[in-house]
Structure formats: structure tokens, C-alpha cells
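My entries follow the order in which I looked things up.

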Amino acid sequence: MTKVDVLLGLQWGDEGKGKIVDVLTPKYDVIARFQGGPNAGHTLEFNGIKHVLRTIPSGIFHTDKVNVIGNGVLIEPKIFRQEVEALREKNVDPTQNLYISKKAHLILPTHRLMDAANEQAKGNAKIGSTLKGIGPAYTDKIARTGLRVGDILEFDFKERFMMQKYQHVQTAKMLGFDVENFRLEGLTLDEYEAAWFEALETLKSFKLINSEYFINKCLKEDKKVLAEGAQGSMLDIDFGSYPFVTSSNTVTAGVCSGLGVAPTNIGRVMGITKAYCTRVGAGPFPTELFDETGRTLCEQGHEFGSVTGRPRRCGWIDLPALRYVCMLNGVSDLFVTKPDVMNNFDEVSMCTHYEIDGQQTDEIPFEFNAVEIKPVLKNFAGWKQGLAGISDYSALPQRLKDYISAIEEETGVKVCAVSTSPDRKDVLFK
């Protein structure tokens, strides 16, 4: 019996998970998303074309591989339909190799209404939600009032939908939100709802399965399964920089609950980190750079959200945080992405420790959001060399290899590959 390998982000998201999943897919039979929703954009680039996936696993372009949306994922039908149509425009028919868990929860139009109402009510304490309805949908899931994909096949689905809609609208009004003038993609709530119900027909055209049985059957048949995470480990609802986090477990443990896999069936855990660090939205970021270097990282790295378009905050790589998530996830292998963004830097730095109240520490403090953290930096000479055309790890500049070796030494985890461009061909395995 095989085990499920896991690939997840080790920072605040946007580490390059989509590309690496796409590169690894030929080695696997099944690619399965285990958490998150359409707030997570996975960008892939090949043959000069950029592809952005939101809910569909990043192995979808390999037509001989099965892709699964697991029970831990949230699906917004209208956004899902847009994603499907975008794939079809590129001659990819996902109905042929995409299976969807009946237990995956649905994001209703009024979940997006509630997201906007909650953010407005927070005022200056906003967490930077993507307003895709993620938090409210997971709230209803925990409150046991959520609607799932399998429910769309039931005779009373519309009635249950309307009950949820009524509750959400009343709550939004109590929060002082202007429901009547609320717009989603330029549509009124009723107009969006009509399009949402039309999109359910697209959802029904897919293979709706009991994914926990399917995944475990694949393992018994010695098929290779790769679990694909969304967001990053520092956004985990339990272990991230709470409350500036997402609403699901983004760490390895989320695979067990998000796919129905026993802990004993988790195999290799591969984590992805950028050679520097980024974050979208509010929340602590000890190594953030507010100077020209930070702006250069943003511009050279094209650091704008693939779903939201928001500019990302940029800074040096944060090794205390990286060590922390390697511990939580049981990471066995590291992928390092985007060192090419720093090709022209005279000097690059990494944060090896935190200084809090004059004391050095390697730990993420409980008061992560409230205490002043000074990053203790270690500086390295830049490699001052382009990486285009390099096809073998050994041919990388020695100074870059020294930088990567320092990451290995500081984390205690080996780096198995480095990505030197957005294209799928530029992943150099050690």
C-alpha cells in the first residue's frame, strides 16, 4: 500500500505551489486538493502561456492523471464554472479527469455578502479578506448549517438554500451593511444568485464521488497520490499568525481531515519556500522591507496576487518561521523558488533569529501580532548573474548555492530543487 505524498507552501502563500505540482504530476496517478477555496490562485506557465487555477488541482493539464477536489475544499459554483470555461478555451476538458467530493462545502452568494459585511464591521481591524466568502462558508460548516456538493442532488436543496440566504441577509443587516446596494462582479445579489444556480449545472456535469473511499482505494491499489495544499503554513487557522490567517488547516494535518487519509498513510512531505518572503493583506511580517529593496523585490518578482491583483508585501526570507513550519509539517524536502528575482542584488540577507525585548529567540511568540520583533540578519554576497539557460543545479552560481546551503543548514531540511523562472521547464533538481 502506497502513502500520500504532500506538497504545501511554507510561508504566507504565493510560494509557487501550482508550478511545482504541475512539474511533479508525471510521477503521480492522482493529484488531490485538500483545503482552501477560490481565494487561492495557483499560477502555472508553460509554452509561453500563463494559467491561473483557483479550485481545480494543478495536475489538470496532464489528461492521463486523475485530479480530485477533496472534502476539505470550498467550491463557489460560479467561480468554478469560469475556471472550467477558461480551461476549455485552451482545449482542456476537465470533466474527463476531475472528480469532486460530495462532501466539499459550497460557498453561497450570501457567504460573500457576509464576508464583506464582516470586514466592514471590523473597521481598522480588517484582516485583509479576499472577500470570496471563505470564512463565512467555513463558519457555517463548523456550525453544521453548511450546504455540500452532494446536497445539490437533493429535492429540497433550494429550500435549504433559501433558509441560509435569509439568515445571512438578516445578519448582514444587523451589522449595518447596505445589502440592497451590494454588488458581486457588478451584479445585484439576486442577479448573481441566478447565475450561481445556473453554474450548478456545470458542477453536476462532473463525477461527484465519495472521495475518501476513492483516495484510500487508490492507495490500496498502489497508485501514487499527491496532496496539493493552498495558501501557506503561516496562514494555518491554528498555527498561523492568528487572526490574520485563512479559515482552514494549511499544514500536513489538514490532509488527513481534508481527504480522509489516516496519519499513518502520509509519506513524503515537500515544502515550498521563496528565496525571499512575501505576504498579502494585514498581519505580522518581521522581515518586511519598506525601502527600495522591498519595492525591487515586488517589481522584479511580479508580486501581485493571481486572484486579487493586490501587491504583495516583500522582505527577506524568515528562517525562524520556516523552521517552525518545517517542524509542524514534518517537511522532508524543500523546494526554493524565485532566487532569480535577486539576480542583480549586491547583497542578500536572511533572518536567522528574532530579537524581542533585547533577547534573541528562535520561536514564534504567542503575541506575534502585538510585540515588536527585530529580525537578526545574516548577509550574503549576491550572485550578480542571470540564471536563464541554466539546466543543471551544479551550474548555478556558487554564491547562490552557498545561500541555498545556508537555508539547509538553518532548517535542517535538504533542498531537493530550485526553480529559476516561472516556466515549468526551469526546475533544477539537486
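**Ground rules.** I am working on a predicted model, where local features need pLDDT of at least 70, side-chain atom pairs count only at pLDDT 80 or more, and totals for chains, interfaces and linings use all residues. Residues are numbered from 1 along each chain as its sequence is written, and side-chain values use heavy atoms, with hydrogens and water left out.

**Sheet.** I traced an open sheet of 10 strands with mixed pairing. The order reads β9-β7-β5-β2-β10-β1-β11-β15-β19-β20. I took strands as DSSP runs of E, at least two residues long, numbered from the N terminus. Two strands pair if DSSP finds at least two bridges between them. At the edges I found β9 (207-209) and β20 (427-429). Each has a single partner strand, so one side of each is left without a neighbour in the sheet. Neighbouring strands are turned by 25° against each other on average, direction ignored. The axes for that angle are lines fitted to C-alpha atoms, and angles run from 0 to 180 degrees between N-to-C directions.

**Strand β1.** Next I looked up the partners of β1 (residues 4-9). With β10 (residues 225-228) it pairs in the parallel sense over 4 bridges. With β11 (residues 266-274) it also runs parallel, joined by 5 bridges. V6 has a bridge partner in each: A227 in β10 and V269 in β11. V4 is partnered by V225 in β10.

Is β1 buried or exposed? I count 6 of its 6 residues as buried, meaning under 20% relative accessible area with a 1.4 Å probe, protein chains only. One face holds V4, V6 and L8, the other D5, L7 and G9, and both are covered.

**Cysteines.** I searched for disulfides, defined as a pair of cysteine sulfur atoms within 2.5 Å. The count is 0. For C256, the nearest cysteine sulfur is that of C218, 17 Å away. For C298, the nearest is that of C314, at 4.7 Å. C298 counts as buried, at 12% relative accessibility.

**Second largest pocket.** A pocket here is an open set of points on a 1 Å grid where a 1.4 Å probe fits, with protein on both sides within 12 Å along at least five of seven lines; lining residues have an atom within 4 Å of a point. This one holds about 210 Å³ of space. Its lining includes D238, F239, Y242, Y324, F366 and E367. I logged the lining as 7 nonpolar, 3 polar and 2 charged residues, with Gly counted as polar and Tyr as nonpolar.

Terms used. Buried means under 20% relative accessible area, exposed over 50%, partly exposed in between (1.4 Å probe, protein chains only). Grid points are joined across faces, edges and corners, and a volume is the space filled by probe spheres set on the points.
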